[in-house]
Amino acid sequence: MSATQTSTGRVVTRFAPSPTGFLHIGGARTALFNWLFARRHGGEFLLRIEDTDRARSTQGAIDAILDGMRWLGLDQDRDATFQFARADRHAEVAHEMVANGHAYRCYMTADEISAQRARAEAAKRPLRIRSPWRDQGAADGPADMPFVVRLKAPREGATTIDDQVQGAVTVQNVELDDMVLLRSDGTPTYMLAVVVDDHDMGVTHVIRGDDHLNNAFRQLPIYDAMDWPKPVHAHIPLIHGSDGAKLSKRHGAVGIEAYRDELGILPEALGNYLLRLGWGHGDDEIIAREDAVRWFDLAAVGKSPSRFDFKKLENLNGHYIREAHDARLAAMVASRIGADDVEPISRAMPVLKVRAANLNELGDGARFLFATRPLEMDGAATGLLAGDAPALLAALHGALDAAPTWDTDALEGAVRRTAEEQGVKLGQVAQPLRAALTGRKTSPGIFDVLVLLGREESLARIADQMAA
């Protein structure tokens, strides 16, 4: 059976975040790869919220995860599963494993476990719990003592995972420990819950970060104990910072909502960038979502960690901004700068988006459209309005007022003639003109600014600075 075939013939993947914080870059990429693989093979993509850490799991984090996935266009095919609500089912499986001899009740005390840990540390070897209760019957335990349920892990031979990214990986079974399945209070552990949920949800392919590869070897004995079909595994290398170090906040490891709300990144740009972090299709850099669905496969996922580069993301974002519909961009920009009227931004968008790398730059570029007179000047603009600037502006005001039409060709002609008549270079009149019109040293093309503001507003703003 191939890596994409299952007993039912239907691929089922899942994304299983813990709601203890934001949806970060690594999690978003994992979700994307799972979504693409399911869509590529006509299967299902499922979402499981692993909320068993009750102290740290929050509704706000759950909402942020769901919102981030919607923003990225990663729709699941069933309602989300919440792991904590399934605790009784997890415990049921643990008790069944005790009954069939693949798990046991362990009455080891904390002091006994500490003694084993001390011996392991003295011998400089990993702790592997060796419980005297492993081969005892359930009825042999003391009735008045607490116990945990431990997996009876195999101790002979080896286990090999034919990982779809990492290749064949083998671990000697003697390295596995009898991990706890149920705590002494009867609550299930993460390792048990994950396997039970994956089985009950029909997951056929477990695609996740390679920091979970060791977990896979510990989880497989549960599948064997329950005689359940094992999923295909694909463990994806983690994402590092541009300097090769573990990804942190200084590299850009912030929540997906920060890329949207604070950094002004479009969802299609972030999705495209995440796709190319560790996966490739020839030399293609710009990959539409529909092409990604047709092309995605696990064989093209690299084995080495990817490096997150925010500059590359912004370059990609600039491409998608230039490709996006003006009305869509205008609506997003209006909400960012608090503008009630979207129409002026829509008209300006063709010139605003030419060089913008993010929505913040679009918003900054559009603010001059809504500035009220007299304009508040930034420091650089104030400097451009000193010296001979008021006299040059007066000359420009007369030339522009006399322009036969208010279009870029006519306006450019008027400004160039004024520069020639005043015996200065074009920039020497264009810079104070830009400052007078926008209050800034930088803006879209000055002739486009004049057209966008219109004759009356442009002349009024120029006149405000003529007497300075």
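Reader: Which are the buried residues of H8?

Author: Keep in mind that this is a predicted model. A residue counts as buried when its relative accessible area is under 20%. In H8 the buried residues are Pro-267, Ala-269, Leu-270, Gly-271, Asn-272, Tyr-273, Leu-274 and Leu-275.

Reader: What is Leu-270 in contact with, apart from its neighbours within four places in sequence?

Author: Contact means heavy atoms within 4.5 Å. With those neighbours left aside, Leu-270 is in contact with Ile-25, Trp-71, Leu-72, Ile-256, Tyr-259, Ile-265 and Leu-313.

Reader: Which residues have the most contacts inside the largest nonpolar core?

Author: The general idea comes first. In soluble globular proteins, nonpolar side chains tend to be buried together. Here the largest nonpolar core has 93 residues, and Leu-270 and Ile-345 have the most contacts inside it. Helix H1, residues 25-40, gives the most to this core, with 9 residues. There is also a second, separate core of 29 residues, which includes Leu-181, Leu-192, Phe-217 and Trp-228.

Reader: How do I describe the protein as a whole? How many helices and strands are there?

Author: The protein has 19 helices and 12 strands. Of its 468 residues, 48% count as buried. The accessible surface comes to about 22100 Å², and carbon and sulfur atoms account for 49% of that surface.

Reader: What is the radius of gyration of the protein, and what would a compact globule have?

Author: The protein has a radius of gyration of 32 Å, whereas a compact globule of 468 residues would have one near 23 Å. For the C-alpha trace they are about 105 × 45 × 40 Å.

Reader: Where do distances along the chain come in?

Author: Ala-460 and Asp-144 are 316 residues apart along the chain, and their C-alpha atoms are separated by 90 Å. Glu-156 and Ala-366 are 210 residues apart along the chain, with 69 Å between their C-alpha atoms. For His-240 and Arg-29, 211 residues apart along the chain, the C-alpha separation is 13 Å. Across the protein, among contacts between residues at least 6 apart in sequence, 75% join residues at least 24 apart.

Reader: Is Glu-156 buried or exposed?

Author: Exposed means over 50% relative accessible area. Glu-156 has 71% relative accessibility, so it counts as exposed. Its place is in the loop between strand E5 (148-151) and strand E6 (158-163). Ala-460 is a contrasting case: at 18% relative accessibility, it counts as buried. Ala-460 is in helix H19, residues 455-466.

Reader: What does His-240 touch, not counting residues up to four places away in sequence?

Author: With those residues left out, His-240 touches Ala-245, Lys-246, Leu-247, Pro-305, Ser-306, Arg-307 and Phe-308. His-240 lies in strand E11, residues 239-240. Its relative accessible area is 23%, so His-240 is partly exposed.

Reader: What is phi near for Lys-124?

Author: Lys-124 has phi near 55°, a positive value in a residue other than glycine. It sits in the loop between helix H4 (110-122) and E5, and Lys-124 is exposed, with a relative accessible area of 79%. Asp-227 is not a glycine either, and has a positive phi of about 55°. Asp-227 is in the loop between helix H6 (213-226) and strand E10 (232-236), and is exposed, at 69% relative accessible area.

Reader: Which peptide bond is cis?

Author: From Arg-373 to Pro-374 the peptide bond is cis, with omega near -5°. Pro-374 is in the loop between helix H13 (359-366) and helix H14 (379-384). Ala-371 also has its place in the loop between H13 and H14.

Reader: What does Ala-371 touch?

Author: Not counting residues up to four places away in sequence, Ala-371 touches Glu-457 and Arg-461. At 26% relative accessibility, Ala-371 counts as partly exposed. Ala-371 and Thr-438 are 67 residues apart in sequence, but 7.7 Å apart in space, C-alpha to C-alpha.

Terms used:
Residues numbered from 1 in each chain as written. Predicted model: local features only at pLDDT ≥ 70, side-chain atom pairs only at ≥ 80, totals over all residues. Heavy atoms only, no water. Helix = DSSP H or I, 4+ residues; strand = E, 2+ residues; numbered from the N terminus. Rg over C-alpha atoms; globule rule 2.2 N^0.38 Å. Buried < 20%, exposed > 50% of the residue type's maximum accessible area, 1.4 Å probe, protein only. Areas by Shrake-Rupley, 256 points an atom, 1.4 Å probe, with all protein chains shown as cover. Core = buried A, V, L, I, M, F, W, Y, C linked by side-chain atoms within 4.5 Å.
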